[in-house]
Number of protein chains: 2
Amino acid sequence: MSNHETVNEILVRLFANILDIEEKCLKIGEFADLSITEMHVIDNIGLTSERTMSDTAKAVKVTSGTLTTAIDNLIKKGYVERRRSSEDRRVVKIRLTERGREAYKSHEDFHKDLVTSALQQLNSHEEEVLIKVLTNIDEFFSEKYKYAGWY
Amino acid sequence: MSNHETVNEILVRLFANILDIEEKCLKIGEFADLSITEMHVIDNIGLTSERTMSDTAKAVKVTSGTLTTAIDNLIKKGYVERRRSSEDRRVVKIRLTERGREAYKSHEDFHKDLVTSALQQLNSHEEEVLIKVLTNIDEFFSEKYKYAGWY
DNA sequence: CAAATATAATTTGACTATCAAAGTAATTGG
DNA sequence: CCAATTACTTTGATAGTCAAATTATATTTG
């Protein structure tokens, strides 16, 4: 099998299943009541004191309506708090609860482990190669995006 | 920023958005009436003469009920044909129509372009490095899977 | 061979994630 | 001060998914 074919095969499999795989990994652990989507919202809210709904919706790339229901559920599950801003009462600020911060850290660790596994046995030159490839993939999608009118 | 952080940042972004990105790319082209999920079913059926429903469901990692409705839609859209096996009348065989094969090839080309972009400017040693890294990532997930009882 | 069991697929009922559009409440700019 | 804008929520719809019930057929077994 050529290098091209090998790379294609692994990339296709990783890309097609990555969210699924990540969700399955999530379900093994302590935060099994979170979907991968919810974990990504938690990841995006992050450890910063507070964020607005609209900033978060934009960052997670969902409509604000979608985020409202997602946050409703995360509040029910005890991961997020919501309060109305007193400066501008249209604005809603959200932040992670203590449990939310624990979930955030757990997810962060998962990614750190992944990267450590990915980079193991690579010397710094090889790490540079990987970064070049990932940047190329990034640019491939940006280029396609451009035609889709996304940039 | 360290190499670890850079790799983490790009991987997280790619993994979190990859299906979304691929779907958006799909919507630019000729096969805009297909979702990325449907394209992956088409990809899995492939160019081989015929497949059973159960084999396909297993490969795509959905229940057979889910596949039934997916195939219903793909038939409506003209990408897939379905017939009952005459050897075993419980079995349903599916295969791509001519339009289905065109969609398949278009998707294949997309992946080929992606890999070509990814590998551009790499010499063969560097390609080997990439394969090593991708294999590491693959194994990281396999290892996690094992604990989840997936293997 | 007839009945019980197993298999392949479909149907049903439920749930999550999503969007667009309509609605509500608050702020801002003329 | 009121028209337009902004921030968010609600509503109604769709896609994708599963588990469990159902249907049809095949296989096993007493």
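**Figure 1. The cavity found in the predicted model.** A search of the whole structure, which is a predicted model, finds 1 cavity of 30 Å³ or more. A cavity is a set of points, on a 1 Å grid over the protein atoms alone, where a 1.4 Å probe fits but cannot get out; lining residues have an atom within 4 Å of a point. The volume of the largest cavity is about 90 Å³, a volume being the space filled by probe spheres set on the points, with grid points joined across faces, edges and corners. Its lining has 13 residues, and A:Leu11, A:Leu134, B:Leu11, B:Leu134 and B:Ile137 lie nearest the centre. Two or more lining residues come from each of helix 1 and helix 6 (124-147) of chain A and helix 1 and helix 6 (124-148) of chain B. Helix 6 of chain B gives the most, with 4 residues. Helices (H or I, at least four residues) and strands (E, at least two) are DSSP runs, numbered from the N terminus. The lining divides into 13 nonpolar, no polar and no charged residues; Ala, Val, Leu, Ile, Met, Phe, Trp, Tyr, Cys and Pro count as nonpolar, Asp, Glu, Lys and Arg as charged, and the others, Gly among them, as polar.

**Figure 2. The largest pocket.** A pocket is an open set of grid points with protein on both sides within 12 Å along at least five of seven lines. The largest pocket holds about 900 Å³ of space. Among its 29 lining residues, A:Val12, A:Arg13, A:Ala16, B:His40 and B:Asp43 lie nearest the centre. Helix 1 (3-28) of chain A and, from chain B, helix 2 (36-45), helix 3 (53-60), helix 4 and helix 5 (98-119) each give two or more residues to this lining. Helix 1 of chain A gives the most, with 10 residues. By class, the lining of the largest pocket has 13 nonpolar, 8 polar and 8 charged residues.

**Figure 3. The second largest pocket.** The volume of the second largest pocket is about 680 Å³. It is lined by 25 residues, with A:His40, A:Ala59, A:Val60, B:Ala16 and B:Asn17 closest to its centre. Helix 1 of chain B provides the largest share of the lining, 8 residues. The lining residues comprise 12 nonpolar, 7 polar and 6 charged.

**Figure 4. The surface near DNA strand D.** Of the 21 residues around DNA strand D, the nearest are A:Ser54, A:Thr68, B:Ser35, B:Thr66 and B:Arg90; a residue is near a strand if one of its heavy atoms lies within 4 Å of it. This surface has 4 nonpolar, 10 polar and 7 charged residues. Helix 4 of chain A gives the most to it, with 3 residues. Sugar or phosphate accounts for 78% of the atoms of DNA strand D within 4 Å of the protein, and bases for the rest.

**Figure 5. Phosphate oxygens of DNA strand D.** One phosphate oxygen lies 2.5 Å from an N or O atom in the side chain of B:Ser35. A polar side-chain atom of B:Thr66 is 2.7 Å from a phosphate oxygen. At A:Val92, a polar backbone atom is 2.9 Å from a phosphate oxygen.

**Figure 6. The sheet of chain A.** Three strands form an open sheet in the order 1-3-2, with antiparallel pairing; two strands pair if DSSP finds at least two bridges between them. Strand 1 (51-52) and strand 2 (80-84) are the edge strands, each pairing on one side only. Strand 2 is joined to strand 3 (residues 92-96) by 5 bridges. A:Arg84 stands opposite A:Val92 in strand 3.

**Notes.** Residues are numbered from 1 along each chain as its sequence is written, and chains are lettered from A and ligands numbered from 1 in the order in which they are written. In this predicted model local features need pLDDT of at least 70, side-chain atom pairs count only at pLDDT 80 or more, and totals for chains, interfaces and linings use all residues; side-chain values use heavy atoms, with hydrogens and water left out.

Technical notes
Polar contact = N/O pair within 3.5 Å; in protein donor to acceptor, adjacent residues only side chain to side chain.
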